[in-house]
Number of protein chains: 2
Amino acid sequence: MDQDLVVQGILKAISLKRLRPGMKLGEIELASAFGTNRTHIRQVLSHLGSRDLVTLIPNRGAFVSQCSVDEARAIFETRKILERAAISAALDRFTPEMGRNLSRLVALEKAHGHNDRWDGLDLSASFHVEIARLSGNPVLVKFMEELALRTSLVIAQYEPPGAEDHCPDAHPDIAERILARDKAGAVAAMERHLTEMQARLRLDGGEESEADIAAIFQDLGIVPKAKGGTRRGA
Amino acid sequence: MDQDLVVQGILKAISLKRLRPGMKLGEIELASAFGTNRTHIRQVLSHLGSRDLVTLIPNRGAFVSQCSVDEARAIFETRKILERAAISAALDRFTPEMGRNLSRLVALEKAHGHNDRWDGLDLSASFHVEIARLSGNPVLVKFMEELALRTSLVIAQYEPPGAEDHCPDAHPDIAERILARDKAGAVAAMERHLTEMQARLRLDGGEESEADIAAIFQDLGIVPKAKGGTRRGA
DNA sequence: CGGCGCATGATTGTCGACAATCAGCCATTG
DNA sequence: CAATGGCTGATTGTCGACAATCATGCGCCG
């Protein structure tokens, strides 16, 4: 059983705000929603827990992580540290062919438009991860991936409703400066970009609600294998 | 059942070179060694796998991770990035009482002597993690913990036999500069410390016990069937 | 004699059942 | 009437058994 599908499904649901921070992730609900059994769900939850995307409480269960405002700021602060270093290292070993993927990603983002919010966030994360990859430092890549995921969780928690973000030209601007080997300019543009992302958030508070887990995932096109599904309503 | 005991046991065994990188970690062996059953062992291995301390290969099992020389260098490089930032941030918000734990840890290290290698490495890691904690950035703390563990694995793999010493006065020196709020000096001392640690290892690429065959052929442009291929983390 | 394919043993992956634990509710009591 | 205690339903934690998969060694064939 491919547990990546479950992971992606949960992350997607979080990004789309179908799963709000603090919501309970019941093992049985998830198992029937994804048409699998608790064993795999437990592995997935453990995995997400090790990345602080869900919070595991012994004998209580798993909950979508709620970042405090301080943690949210720490995530952005750490991203600034790592992205600064990534750009710097990438430009120290830059070759023209290395930038091709970067250009490709920027083009993809531009072509994508504002169709699908999940794909958009995914592409946006890919851009940052690709810069880390250009640094040639695999540890940096892994950390960046983790921070990108946690950032999307923070956005889901603190984004003001209606103001669904897109900094229009930040990525092309950064990419352009990288391709021009303008290290100081690229670093500055990246810091502006991150600061702006952070500024769009409402780092003061939020509220929670409850919803039907199985329905959420069914709406995302995930169909259980008809193994005695959840009994809803009755 | 306390799985932390199993985790600590495995990490200790790695540090003491009883478990060498590349060695198989059979579930049944571990289960009987720790007097538990495979369920808990699998959780522990999954956890260690998500931190890249063990490598999980589907249908093959778990192995103590083998860092390539490049990865080892990346780990040190990333540590430099993060520790630099940690010291800088810590000194921006420094209050005298904050340094007390640091002094305590240095004193503990000095008192400890060279009795137990595992405890020594543990204390050494605590020093670095404490600095990250002083920065007030919990993400930095988590990353530092992870890197400290991976560093001990790298040391176990690349330390020349017999030369099991550590830099005598590096930590007291760094602590002193931090307590004196000498930011530039502390950062410089930390970088020297890390560079020296790295220099004590044999990272020249001399002998890779078992070179990764797949990687070799991938470099030649030959791609395996990717039947789940290099799946890391869990 | 060397290489290929298959049986076999051992290990990992999967699953359902049972036990332990916790939150919520109701009766009891001061 | 409020607070406490135990009961109950539901959820998580644990475990052993079975199925799937892989490495090994043997026999067979070229």
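Begin with chain A of this predicted model and select its three strands, which form an open sheet in the order β1-β3-β2 with antiparallel pairing. Colour β1 (24-25) and β2 (54-57) of chain A: these strands stand at the edges, each with a single partner strand, so one side of each is left without a neighbour in the sheet.

Next, display β2(A) together with strand β3 (residues 61-64) of chain A; the two pair in the antiparallel sense over 4 bridges. To examine one of these positions, select A:L56 and look across to β3(A), where its bridge partner is A:A62.

**The two protein chains**

Now show chain A and chain B together. Chain A superposes on chain B by a rotation of 180 degrees, with 0.1 Å of shift along the axis and an RMSD of 0.1 Å. That is the relation of a two-fold axis. The same surface serves both copies, for 100% of the contact residues of chain A recur in chain B.

Turn to the contact itself, to which chain A brings 16 residues and chain B brings 17 residues. On chain A, select α3 (38-50), α4 (69-92) and α7 (138-158); each of these helices supplies at least two residues of the side that touches chain B. Which of the elements gives the most to this side of chain A? It is α4(A), with 7 residues. Coloured by class, the side of chain A that touches chain B shows 8 nonpolar, 6 polar and 2 charged residues.

**DNA strand C**

Select DNA strand C and the 13 residues that surround it. The closest come from both protein chains: A:T39 and A:N59 from chain A, and B:G26, B:E27 and B:G61 from chain B.

**DNA strand D**

Finally, move to DNA strand D, which is likewise surrounded by 13 residues. Here the closest are A:G26, A:E27 and A:G61 of chain A, with B:T39 and B:N59 of chain B. The residues of the surface near DNA strand D divide by class into 3 nonpolar, 8 polar and 2 charged.

Methods:
Residues numbered from 1 in each chain as written. Chains lettered and ligands numbered in written order. Predicted model: local features only at pLDDT ≥ 70, side-chain atom pairs only at ≥ 80, totals over all residues. Contact = placed C-beta atoms within 7 Å. Nonpolar A, V, L, I, M, F, W, Y, C, P; charged D, E, K, R; others polar. Near = placed C-beta within 6 Å. Pairing = 2+ DSSP bridges. Least-squares fit on C-alpha atoms with pLDDT ≥ 70 in both.
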